[in-house]
Amino acid sequence: MKNRRIVTVLLTALAMTLSACDQPVTQKEEAGAITAVMPTTLFVNADIITVDDSRPAAQALAIRNGRVLAVGSRQEVEAAAGQGAEVRDMQGKTIVPGLIDAHGHISLTALSNGFANVQPLPAGPISSIAQLQEVMKSWDQANPEATWLMGWGYDDSLMAEGRHPSRYDLDAISTEKPIMLTHVSGHLMACNSKCLELAGITAESEDPPGGVYQRVGDSQTPNGVLEESAIYKVFGLLPAATQAQRLALLEQAQAYYASHGITTVQDGASQLSNIADLQTLAANKKLFLDVVGFRVLSKGESIGEAFTVSSDYQDHYRVGGIKLVLDGSPQGKTAWLTEPYAHPPHGQGEDYKGYPRLDDTEVNEFISESFSRGFPVLAHANGDAAADQLVNAVTLANEALGAADRRPVMIHAQTVREDQIDQMQALGIVPSYFVAHTFYWGDWHRDSVFGAERASRISPLQSTVKRNMPYTTHNDTPIVPPDMMRLLWSGVNRVTRSGKILGSDQRITPLEALKSMTINAAYQFFEENDKGSIEVGKLADLTVLSANPLKVDAMTIKDIRIEETIKEGKTVYFR
Ligand SMILES: [Zn+2]
Ligand SMILES: [Zn+2]
């Protein structure tokens, strides 16, 4: 994590340097000049994947004033660009449309940068509870001023001990300082005894609505693992960072996304405080990627009259809509299913199916209010019971308000059934699949969570492509790193950590996978007129790759490097 922090700081510096030497002519200068000089950049000798079906491939591209001026053969593009263009020889590198983060959390990614990294490979170093204890002890020594010991992203499914760390495991690190470790799903947390004490969680505490305090054996004593809504009790106690610290972490996170070729970033569960921070960062002119925030609504909250959304960016930021969380995570076994888990989690019986976060009435009301006020909606639904809840709510809202182009998004949609995909198509619900799961937790899903049959059709991309309906894919960063080439590779290959294929009939082609993070993602954001393909008039948001994912051996797609990221004509990352 330390290294990553240094790297991202360097990247920010590099990006600033690069963009400083590529400043466009300002409005004032243009007005004052006798003949307006608009800098044009010509990219030649490139292998361009336009993601525009009417002209899928090209060799040259001209951009001016942050938009695409021409795309095609070198001859065509040179003619359109005229004299005096800056020529860049791309030496055969591949250019694709700027990659779009269809779902993730830049605010949480920023926050996680301030925590110890306790993730498993390849995102972190941890494979056992003993190792986790060592990492947290070192973090404590390296951060003597820290009043809380905070770790990000432990994964019980990949722990040698095959379980969550308990309060007693964490008490071995410290009994004086509170310790909290977030689970890799972001839906659970492990606490030591001091943390439980400060949160007031005791044997007498009843589980909160939409959450669980796991217990020691058959007793009522909390074992330190908190599920779903229970984790917010602890989040509320964490020491507050200063605004300057928070903004600096957001800038680091932005550079991190840029280094992965991403030009539009989502903040997919913003608290009002996150919205305020991003607005401040934007007003300070520190955003160079587009960031779209979706305000998360929790149980008992109301949207409020003052809340609004916008389709226009203000200094690269806009509030894009509402986010609901309908259930938990499959890898944490809190996703809400219609059929029982293959192996129930700690403390649950054979008929355990997970549970909802909100009741039907709340979901129906949130959806109908959002629709009637014109707010786009993202709804996290991992389990098929949660998917039913969303489908029903959208059906009711459409019946009451009439159909319209609302593009509600089912985030994750990991276990949607064929009959549900039919309903989603009829209702215009866009599935955004967390297909990176096939690699990160594919073996765990097959062996412990779902069993072979259900696991083989998680994130059913081919079922969606076959119906010719829009779909996107995502990494849900910081749940997994924003590695878009690994995500693309996952959709194409569906290979697990152990090298087995999970559901070969749900694989899609590299171009179909590329569409899920370009043109389809632009559609999901209502931005397909400006983004998602390399077409004349669209924004010059471009990602330069070391190789062409449509031409290389499909198993090597994950090894393709991001060479350069260009946002509206400006280089914001260069390898
Ligand atoms: Zn989610
Ligand atoms: Zn998420």
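Metal donors are taken as N, O and S atoms within 2.8 Å of the metal (3.2 Å for Na, K and Ca), and because water is not among the atoms, sites may look incomplete. The structure is a predicted model, in which local features need pLDDT of at least 70 and side-chain atom pairs count only at pLDDT 80 or more, while totals for chains, interfaces and linings use all residues. Residues are numbered from 1 along each chain as its sequence is written, chains are lettered from A and ligands numbered from 1 in the order in which they are written, and side-chain values use heavy atoms, with hydrogens and water left out.

Two zinc ions are considered first. A distance of 3.3 Å separates the zinc ion (ligand 2) from the zinc ion (ligand 1). The zinc ion (ligand 2) is coordinated at 2.0 to 2.1 Å by H103 (NE2), H105 (NE2) and D476 (OD). Along the chain, the donors of the zinc ion (ligand 2) have the spacing H-x1-H-x370-D. H103 lies in the loop between β8 (99–100) and α4 (106–112), and D476 in the loop between β21 (472–473) and α18 (484–493), so this pair ties together parts that are 373 residues apart in sequence. Helices (H or I, at least four residues) and strands (E, at least two) are DSSP runs, numbered from the N terminus. Both H103 and D476 are buried, where buried means under 20% relative accessible area, exposed over 50%, and partly exposed in between (1.4 Å probe, protein chains only).

The zinc ion (ligand 1) is coordinated by H380 (ND1) and H412 (NE2), at 2.0 to 2.1 Å. H380 belongs to strand β18 (residues 377–381) and H412 to strand β19 (residues 409–412), so the pair ties together parts that are 32 residues apart in sequence. H380 and H412 are also buried.

H380 is also one of the contacts of L326. With residues up to four places away in sequence not counted, L326 touches P356, R357, L358, V363, A379, H380, A381, A386, Q389 and L390; contact means heavy atoms within 4.5 Å. A nonpolar core is a set of buried Ala, Val, Leu, Ile, Met, Phe, Trp, Tyr and Cys residues joined through side-chain atoms within 4.5 Å. The largest such core has 98 residues, of which L326, I367 and M410 touch the most other members. Helix α12 (residues 384–401) supplies the largest share of this core, eight residues. A second, separate core of 18 residues includes M136, L181, L188 and V225.

The strands are described next, with two strands taken to pair if DSSP finds at least two bridges between them. One open sheet of six strands has the order β9-β10-β11-β12-β14-β13, with mixed pairing. Its edge strands, β9 (116–117) and β13 (211–215), each pair on one side only. Helix α5 (residues 129–142) packs on this sheet and touches β9, β10 (149–154) and β11 (179–183); the direction of α5 makes about 145 degrees with that of β10. Axes are lines fitted to C-alpha atoms, for helices over the stretch in contact, and angles run from 0 to 180 degrees between N-to-C directions.

Within this sheet, β13 and strand β14 (residues 222–228) pair in the antiparallel sense over four bridges. R215 has P222 as its bridge partner in β14, and G211 has E228. The two strands β13 and β14 form a hairpin with six residues between them, and G217 in the turn has a positive phi of about 50 degrees. Strand β12 (residues 188–191) is joined to β14 by three bridges, also in the antiparallel sense, with V225 of β14 as the bridge partner of A190. Seven of the seven residues of β14 are buried, so β14 is largely enclosed by the rest of the structure. Y232, found in helix α8 (residues 231–235), counts as partly exposed at 41% relative accessibility.

Another open sheet of six strands has the order β3-β2-β7-β22-β23-β24, and its pairing is mixed. β3 (57–58) and β24 (570–574) stand at the edges with a single partner strand each, so one side of each is left without a neighbour in the sheet. Strands β22 (residues 542–545) and β23 (residues 562–567) run antiparallel and are joined by four bridges, and I562 in β23 is the bridge partner of L545.
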